[in-house]
Amino acid sequence: MSHPTEAQSGHQEFVTLVAGGQNFCIEITQIREIRRWTPVTILPHSPAHVLGVINLRGAVIPIIDLASKLGFPKINPTERHVIIIVAIEDRIVGLLVESVSEILGVSSDEVRETPRGQEDSTTRAIQGIIPVGDDMTKIISLATLLPNEGQVAA
Amino acid sequence: MRPVVKPFDDEALITVIRRLTSRMTDRAILDAFFEECEDLLVALTEGLTDMCAGQGDDETVNAVFRAVHSIKGAAGAFALDDLVGFAHKFETVLDEVRAGRLATDDALLRVLQRAGDILADLVDAAREEMPANRDQVDPVLNDLQAFLGEEEPEEEFVFEALSLDFATPAVPQRHRVSFAPTQAFYQAGNDPCQLITALADLGSTEVAVEIDELPEKFEGYVWNKGYLRWHVSVDGPETDLPIREIFEFVDDLCDLQIAFIPLSEPGENDETSSGDTALDVERGGSVEHADAVDTEQDELGPTPEDETARPAEDPARQPTAKAAATEKPAKRAAATLRVDPDRVDRLINAVGELIINQSVISQRLQEADLPNSADLFADLDDYKLLAREIQEGVMSIRAQPVKPLFQRMLRIAREAADATGKDVTLVTEGEATEVDKIVVERLADPLTHMIRNAIDHGIEKPEVRREAGKQAKGTLRLTASQRSGSIVIEIIDDGAGLNRPKIRDIAVAKGLVSAEAQLSDAEIDHLLFAPGFSTAAEVTNLSGRGVGMDVVKTAITALGGRVAISSVTGEGTTFSITLPLTLAVMDGMIITVDGQTMVVPISSIVETVRPTAADLSQIGLNNHLLRIRGDYVPIVDLGSRLGAVKSDKPLTDRVLLLIQTETVTQCAIAVDDIHDQRQIVVKSMQSNYGQITGISGATILGDGKIALIIDPEAIATGAQHAPPFPTDNTEGEAHVTSH
């Protein structure tokens, strides 16, 4: 996961999104679908960024507040918010974001390494950046988002 | 904001590409071979066990022989030389046994059992593409060889057979053998040439091949399809028995007919046999020539003997077919269908959805309050019944008998007994009991551990047993049975029973209990399951593999089961494992707590109580007790155990669920309200999220919402958890599942 798939293919597509008021993006092949926010079933003893679980065609899918996970204040979900269903390794997880903007097609040499400044929960989750016009967008490393990371192996 | 519409089917594409690569194809064929080996090894173990128990008859020996032979044959096709070599030696010894030249005494049976184990190991090694462990294989090979003596027994045998022929030269017989190999025949690596050569060893033969089935053109030709029918007439054997033996392993892989043709005049026999001493075997390219032989023979046909033969053939064929038909059920008692488990799982999920959908419709209709809806509801009930029926049917596909699991334990027990120098028989009962496939798979490790423990710690050494006035040989019983919606598996030893003072001492030494604690026998017994209770001070290399009984308990709890111990000093210990019948469906009570809908498994609820003030007592500020039938039962607030704010509703406005489990004698769980009882489809939380303390899974309600399933035992015993809804953002440390 630390090396995105840009190595082999010249062209990559990313879905850009807004979480915590900032731009981020996710590599498109990791995305399964995009849905409107629906109320969740709360899980006991869960970290703050785990909102709960939803029923996705019979499967139990945990929903993560991406903003909260990245160190921003929690999103107060409304009907306007969006859930991005992603596949992380062999798990399916939903990410609550403020909005989804567009599909960004870039050639792989446009993807830059994350400049390493001070490490925090946001920079840890970023695997690279892409300049877009005057601004830039940050590629999210999904593996760092796994709920309950590190002790679910059993 | 633009929604993304794009097919995401890369996975499917990759799968297709993989399937196309030849390595995968080879692997698939090999996998099929290993799957078949599993079945054959089960048959082998079964046969050997019967033989050891003195219940074996000739058919048992034959079955064992066939299993080894089949493994050898298929292994040969894959050039698994270690496996072939060992299976060959094993088979040779078994052949001696079935011919009655080797007596099945204890020494031989012991070696045969070891050989069975080694064969299983070799199959495993081949599957893992690992080299065979020669240190283990060679001693057993030598043991097998010891029973065979120095010379090759086959030579001797053939000689005898020939002399028999000479002893009865007056009645030369002719059999007409006709066989058409099927595709499966060739796939199993058989060669018609070998069969014909074997027939030629019985006497003089005449071979012809029928090529009518062969397609005219090369188009549509399937390379491994059986197009040919071989006709072999054999002069010599008096009965068809030696011929049947040759075809023993392929008789269900080819259409075999054997007809007896009495030769009245010896002269004619001489005539044919003189011309046929050399064997014509036609293969591949020379088919045309073979056809010529066939027609030639047909032209020769109208000789007197053939005229009598032809009409005689049909009536003769009938009894043969009948004999084959009666033999079949015995041989292949369980005709099975191999299905990819994923397909079954998909079906189970779909049926689960159907059940949920059905309850959604019921709920909607009830809410709609339609006039004259009586008929509609009757129809709906039918729908419900049908859906349940389909569900049961689908679930039963996953059910498997515990037999293969139990048979693996026979070996574990044997090895454990050898390693500890104890004399132990493992008796299995209720092998036909069926449980969910996953349960069978996941029980292997806990059972292995418990069997080893029972032999290592439970059963005493022979001399100790004799002193105690017991039989020197210990008995370990492994039983499975179905009791009111649960499967109960028991491991019962007739050993010394649990050494409670010692267990207590260890627990005190490990700081699991305080030295002053007053513990009942049952409480001491349960210390065995406490995490950190590993009797490392005295474990042998056998059971001390870093796994304690707590791991056993965790594994069984993960399957929705429970373990209980009962032990009588001097008489033995019983571990009983209670498991739900199916993993995917359970009866649950729908409850609400703190605004959330949840499910409590009915199986653990003894009764529900709406308490009056008189039923309640208090210890201090926070500990409430329920007085019921003279007992005081602690009350646990479900909401606060799950991390919600403690309800300020008085207990008299709430409902108490009286819970009883193996480890928790009694406990009352306070919930806000109870609703109905219904069958629910259990969904795993583990696959996408992980384990949550106090929650065993989730289900989907009629309205499509998810409800969590409570694990009453974890709630009742619930020690202190991490603070509820922690505010920090560090990855995943809030879920401390072990405490």
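Colleague: How do you know which parts of chain B the predictor trusts?

Modeller: By pLDDT, which is the predictor's confidence in each residue on a scale from 0 to 100. Chain B averages 73, and 75% of its residues score at least 70. Where pLDDT is low, the predicted coordinates should not be read in detail.

Colleague: And what are the scores for the complex?

Modeller: The predictor gives an ipTM of 0.78 and a pTM of 0.47.

Colleague: Why are β6 and β10 of chain B said to stand at the edges of their sheet?

Modeller: The sheet is open, with 5 strands in the order β6-β8-β9-β11-β10 of chain B and mixed pairing. β6 (424-429) and β10 (562-568) of chain B each have a single partner strand, so one side of each is left without a neighbour in the sheet. From one strand to the next the twist averages 15°.

Colleague: What makes β6 and β8 of chain B a pair?

Modeller: Two strands pair if there are at least two bridges between them. β6(B) and β8(B) (residues 474-483) are joined by 6 bridges and run parallel, so they meet the cut-off of at least two. One of the bridges links V427(B) to R477(B) in β8(B). Helix α16 (residues 403-420) of chain B lies across both strands, at about 170° to β6(B). Helix α17 (residues 437-458) of chain B lies across β6, β8, β9 (486-493) and β11 (572-580) of chain B, at about 20° to β9(B).

Colleague: Turning to chain A, why is strand β6 called largely enclosed?

Modeller: A residue counts as buried if 20 or more other C-beta atoms lie within 10 Å of its own. In β6(A) (residues 82-88), 5 of the 7 residues are buried, so the strand is largely enclosed by the rest of the structure. Over the 154 residues of chain A, 37% count as buried.

Colleague: Which strands pair with β6(A)?

Modeller: β3(A) (residues 31-36) pairs with β6(A) in the antiparallel sense over 5 bridges, and I34(A) has I84(A) as its bridge partner. β7(A) (residues 91-97) is also antiparallel to β6(A), over 7 bridges, with A87(A) opposite I92(A). The hairpin of β6(A) and β7(A) has 2 residues between the strands, and E89(A) takes a positive phi near 50° there.

Colleague: What makes a group of residues a nonpolar core?

Modeller: The members are buried nonpolar residues joined through C-beta atoms within 7 Å. The largest has 79 residues, and I26(A), V53(A), I84(A) and I669(B) touch the most other members. This core draws at least three residues from each of domain 3 (341-399) and domain 5 (585-717) of chain B. Leaving aside neighbours within four places in sequence, the contacts of I26(A) include F14(A), I84(A) and L142(A). Apart from this core lies another, of 40 residues, among them M409(B), A454(B), I524(B) and V552(B).

Technical notes. Residues are numbered from 1 along each chain as its sequence is written. Chains are lettered from A and ligands numbered from 1 in the order in which they are written. This is a predicted model: local features need pLDDT of at least 70, side-chain atom pairs count only at pLDDT 80 or more; totals for chains, interfaces and linings use all residues. Helices (H or I, at least four residues) and strands (E, at least two) are DSSP runs, numbered from the N terminus. Axes are lines fitted to C-alpha atoms, for helices over the stretch in contact, and angles run from 0 to 180 degrees between N-to-C directions. Two residues are in contact if their C-beta atoms, placed from the backbone, lie within 7 Å. A residue is buried if 20 or more other C-beta atoms lie within 10 Å of its own, exposed if 12 or fewer, and partly exposed in between; C-beta atoms are placed from the backbone. Domain bounds come from an automatic or database domain assignment.
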